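Below is a short briefing on one protein model. The sequence and structure come first, followed by notes grouped by topic.

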Amino acid sequence: SFPDTLPAPLNSSVNVNRRPILIDTDLSFDDYVALLFLLQHPAVDVRAITVANGVVHVQPGLENAARLL
C-alpha cells in the first residue's frame, strides 16, 4: 500500500523507489482521473495500460488512453 504522505518529487535530492504497475481499465471518467494521478505520482512507474470493456467500450477507451498519453 502507498504511504499516507506523498514522497518528495523526483527532482529532489531524495531517492524514491518507484513501484512498477500495470493498469487494466475501461478508461471511464473515474479511471481517467486515477490514471492522471498515477502517471504523475513520483512513487509510481506505470509500465503498461490495458483497456477492457466496461462502462466505456474498448474503442473509446483506447482513444481516451491515446489522448492521455
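Asp 45 is part of strand β2, which covers residues 44-51; strands (E, at least two residues) and helices (H or I, at least four) are DSSP runs, numbered from the N terminus. The model is predicted, so local features need pLDDT of at least 70 and side-chain atom pairs count only at pLDDT 80 or more, while totals for chains, interfaces and linings use all residues. Residues are numbered from 1 along each chain as its sequence is written, and side-chain values use heavy atoms, with hydrogens and water left out.

- Asp 45 forms a salt bridge with Arg 47, with 2.7 Å between the closest N and O atoms; the term requires a side-chain nitrogen of Lys or Arg within 4 Å of a carboxyl oxygen of Asp or Glu.
- A search of the whole structure finds one salt bridge.
- Arg 47 is exposed, at a relative accessible area of 61%; exposed means over 50%, buried under 20%, and partly exposed in between (1.4 Å probe, protein chains only).
- Apart from neighbours within four places in sequence, Asp 45 is in contact with Arg 18, Arg 19, Pro 20 and Ile 21, where contact means heavy atoms within 4.5 Å.
- The C-alpha atoms of Asp 45 and Asn 17 are 9.4 Å apart, and the two residues are separated by 28 residues along the chain.

**Strands and helices**

- The protein has two helices and two strands, arranged along the sequence as β-α-β-α.
- Strand β1 (residues 19-25) and β2 run parallel and are joined by seven bridges; strands pair if DSSP finds at least two bridges between them.
- Arg 19 has Val 44 in β2 as its bridge partner.
- A right-handed β-α-β unit is made by β1, helix α1 (residues 29-40) and β2; right-handed means that, with the strands pointing away from the viewer, the path from the first strand over the helix to the second runs clockwise.

**Thr 25**

- Thr 25 lies in strand β1 and is buried, with 7% relative accessibility.
- The side chains of Thr 25 and Asp 31 make a polar contact of 2.7 Å (a pair of N or O atoms within 3.5 Å; within protein, one must be able to donate a hydrogen and the other to accept it, and residues adjacent in sequence count only if both atoms are side-chain atoms).
- A polar side-chain atom of Thr 25 is 2.8 Å from the backbone nitrogen of Leu 27.
- Beyond four places in sequence, the contacts of Thr 25 include Ile 49, Thr 50 and Val 51.

**Whole protein**

- Of the 69 residues, 29% count as buried.
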